[in-house]
Amino acid sequence: NPKRIFEGVSSCTMPRKYTNYSKTSKTPRRPFEKERLDSEMKIVGEFGLKNKREVWRVQVVLAKMRKAARDLLTLDEKNPKRIFEGQALLRRCARLGLLDEDKRELDYVLGIKTADIMGRRLQTLVFRQNLAKSPHHARVLIRQRHIRVGKQMVNIPSFLVRVDSEKHIDFSLTSPMGNGRAGRVKRKNAGKAGGGDAEEED
């Protein structure tokens with residue numbers, strides 16, 4: 001019976017996926033606005049970014065933080081939601097080094113800029129601590145697994161470093177720059193030099 005066959009097929013369909021997806025970046029509403037293009041290019045050049053999507057991604061994070069602060073500012077100061085969520089937001093900003101200890105108020109969250117968050121990226125801090133010659137060199141070192149934060153090797157250039165972790169940025173223990181095993185080319189050249197010396201002795 002065709003009806004029974006159809007019912008059997010419909011009962012064997014795949015289960016639905018109920019995964020929530022949220023966009024990590026948002027393209028500009030006006031793509032050819034000169035002032036915005038110039039400011040984005042300045043940020044890309046200053047912080048050695050791969051593309052403008054990295055700027056837009058930070059702008060989305062910043063927009064969410066500002067929106068949360070604006071919504072909380074509309075509530076009464078003694079409102080439990082404003083007290084609880086406001087303190088959590090301020091703690092997060094202070095932990096990431098976006099707010100000073102004397103500026104832990106919601107009004108100051110609205111003043112955080114894109115460059116402030118860019119300055120807390122691992123790529124920027126590796127360059128500022130003179131572990132790399134340029135922001136681009138810092139990115140290469142991070143991607144090639146030469147950098148650690150504390151005991152953890154980190155290979156994400158956009159990793160946001162907390163204030164208390166900043167002093168623990170160093171070369172990873174397995175890196176040739178951090179007293180680890182020598183690289184492939186250096187080992188190869190050392191082998192050639194050793195072979196040459198042996199031939200001269202013969």
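Modeller: A helix is a DSSP run of H or I with at least four residues, a strand is a run of E with at least two, and both are numbered from the N terminus. This is a predicted model, where local features need pLDDT of at least 70, side-chain atom pairs count only at pLDDT 80 or more, and totals for chains, interfaces and linings use all residues. Residues are numbered from 1 along each chain as its sequence is written, and side-chain values use heavy atoms, leaving out hydrogens and water.

Colleague: What makes Lys-67 and Asp-71 a salt bridge?

Modeller: The rule asks for a side-chain nitrogen of Lys or Arg within 4 Å of a carboxyl oxygen of Asp or Glu. Here N to O is 3.2 Å, so the pair meets the rule.

Colleague: Where do Lys-67 and Asp-71 lie?

Modeller: Both are in helix H3, residues 52-73. They sit four residues apart, about one turn of the helix.

Colleague: Why is Lys-67 called partly exposed?

Modeller: Buried means under 20% relative accessible area, exposed over 50%, and partly exposed in between (1.4 Å probe, protein chains only). Lys-67 has 47%, so it counts as partly exposed. Asp-71 has 40%, so it is partly exposed too.

Colleague: How do you know which class Arg-30 belongs to?

Modeller: Its relative accessible area is 57%, so Arg-30 is exposed. Arg-30 forms a salt bridge with Glu-33, with the closest N and O atoms 4.0 Å apart. Glu-33 has 31%, so it is partly exposed.

Colleague: What makes the three strands a sheet, and in what order do they run?

Modeller: Two strands pair if DSSP finds at least two bridges between them. Strand E1, residues 147-149, and E2 have two bridges, in the antiparallel sense. In one of them, Val-149 has Gln-152 of E2 as its partner. The three strands form an open sheet in the order E2-E1-E3, with antiparallel pairing.

Colleague: Why are E2 and E3 called edge strands?

Modeller: Strand E2 (152-153) and strand E3 (169-171) each pair on one side only.

Colleague: What does the salt bridge between Asp-170 and Arg-148 look like?

Modeller: The closest N and O atoms of Asp-170 and Arg-148 are 3.8 Å apart. Asp-170 lies in strand E3 and Arg-148 in strand E1, so the pair ties together parts 22 residues apart in sequence. Asp-170 has a relative accessible area of 34%, so it is partly exposed.

Colleague: How many salt bridges does the rule give?

Modeller: The count comes to 11.
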